[in-house]
Amino acid sequence: MNAAVPPSLAAEAVSVTFDGLRAISGVSLTLEKGEILGLIGPNGAGKTTLVNCLSGFQLPTEGRVRLGGQDTVRWDAAAFRKAGVARTFQGGRLFRDMSVLDNVEVTGVALGLSRRAAQRKASELLDWMGIAQFAHQLAGTLPYTDERRVGIARALLMKPDFLLLDEPAAGMSDHECEQLTALIRIIRLEQGCGILLIEHNMAVVLGLCDRVHVLDGGRTLAQGRAAEVRNDRAVIDAYLGAEG
Amino acid sequence: MIHFLQTLIDALSLGSLYALAALGIGLLFGIMRLINFAHGDFVALSAYALILPSTDVVSTLFIGSLSWPLLIAAILTFGVVVALLSNFAVFRRMRTASPQNLMVVSFALGYVIQNLIMTVYGARPKALGLWSSLTQVIDVGGLRVPLLQLVTIGVTAGLLLGLLLFMRKTPFGIQMRAAADDFRMARFLGVRADFVIALSFAISGLLAGVVSLLFVVQTGVLAPTMASDIVIFAFIATVVGGMGSLPGAVLGGLLVGAASSLLQAYLPDGIRAFRDVFVFLFVIALLLVRPSGIIRLKQFEERV
């Protein structure tokens, strides 16, 4: 990889077809390191499918995904994670019968660290995120919002270059949304990763994102700076208007 | 009082045997949702490895003639190899199969092993005297205890502790726990699926080897279906304890063993022959109260 070129994660004309049904068609998107890119659109617009493609969970039917200029054909999710693309999931997907610390620690072990090193990094990360008090609690006993934060911690281990967050604020109160917004800002500031944020809450999106990419019916409807997209007629009709 | 203590040691020793077998089944269920009914046949095959392959009525010792440390190492290795071979020949090719299909395949594999035993060793039960010194009864403060029961309890306690440390402290253990919790997610994170599954089969086979030795010393008989009952009770133990939970499998095994021994000791003479009916009634009652078993895992809970 050429060190002079800042690494980016890019979907190039990606299409995904499920049983003849197009989930997304010809979507191109580039996530640069250090930026926060919002991915919005109505339900069923293909946001999660796109994130799945960008993280190796879904093979594009057409088009390709590049990481820092490298083609990622045949990479699985574990390969993306090793190469520095981490993600969270709707609903957390934590190991529910393991402690919070073990949840984060096992990520390090799977990525090749020793138990001791993985545990040290996991503890530091939980401290940094201010959730060290849950370290020895079973992940399955956490309330939703804390579960979300542990999911983010698990993704942040080993300092990924890119962090894909799938609806991290879903079901959160205004106050919790503010805390999450602050956390995402700090993650960008201190870890410097590029963050892709799928989110329905427009206050969170507009408050955080440098750029916004709008999907509708599997196609790119608009993209640009957050303020521009907010005033885009087509976006208002398709999405924002529908929200009231 | 003495009688009660003796019954208690009976209970603990039978429960230990069930617990070890239940662990062998529970491990594989946890990782790949396989209810392995061939586990009993792993036990039987490991026991038969003690004697020379022949259909003669009289058994001739083979591995069984080795000195005890070598014998133990050989039989445990044999159990591990049988389990690993089953994985590579059968279960590895069925990674995406449903739990029902996996279970049916395990039945089929069990019958294959049973018939293999009948072909190679003959269908008739064979007497086998192994380590008869262990069957002596020792006197502990008025308590007359077969040495083998103490050995069984001790070996089980040691294995449980070893397995606990393995699961808690080693990099393999933490990856196995993650895989048992959410296999797909663990894989996505980079946990090596093939390796973790093979490791579970190996441990399961090792436990089958231990059970085969303890059981054969206790009964002194080899038969193609010798471990069928153990595996049924062990399976019930995993259900009672809570499917997928290893501590649950151990608890369930101890509980089913204890119920069996206590009923054996205290049922009136006339109905003692129907002991198992009462064991199963107890199991049904327990499952009516706690349908998901004693330990209910978070991973199986409905999300609200």
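Let me begin with the place where the two chains meet. The contact takes 20 residues from chain A and 17 residues from chain B. On chain B, two helices each supply at least two residues of the side that touches chain A: α6, residues 171-181, and α7, residues 183-189. Which helix gives the most to that side of chain B? It is α6(B), with six residues.

What about the classes of residue on the side of chain B that touches chain A? Eight are nonpolar, six are charged and three are polar.

A word on what we are looking at. This is a predicted model, and it scores pTM 0.90 and ipTM 0.87. For chain B, the pLDDT averages 92, and 99% of the residues score at least 70.

Now to a pair of helices within chain B. Helix α2 of chain B covers residues 39-48, and helix α9 of chain B covers residues 228-241. The two pack with their axes 8 Å apart, at an angle of about 145°. The crossing of α2(B) past α9(B) is right-handed.

Which residues make this contact? From α2(B) they are B:His39, B:Gly40 and B:Val43. From α9(B) they are B:Ser228, B:Ile230 and B:Val231. By class, the contact of α2(B) with α9(B) has three nonpolar and three polar residues, and no charged ones.

To go back over the two contacts: the side of chain B that touches chain A has six charged residues, whereas the contact of α2(B) with α9(B) has none. That is what I have on this model.

Technical notes
Residues numbered from 1 in each chain as written. Chains lettered and ligands numbered in written order. Predicted model: local features only at pLDDT ≥ 70, side-chain atom pairs only at ≥ 80, totals over all residues. pLDDT = per-residue confidence, 0-100. Contact = placed C-beta atoms within 7 Å. Helix = DSSP H or I, 4+ residues; strand = E, 2+ residues; numbered from the N terminus. Nonpolar A, V, L, I, M, F, W, Y, C, P; charged D, E, K, R; others polar. Axes fitted to C-alpha atoms, helices over the stretch in contact; angles between N-to-C directions. Left-handed = near helix turned anticlockwise from the far one by under 90°.
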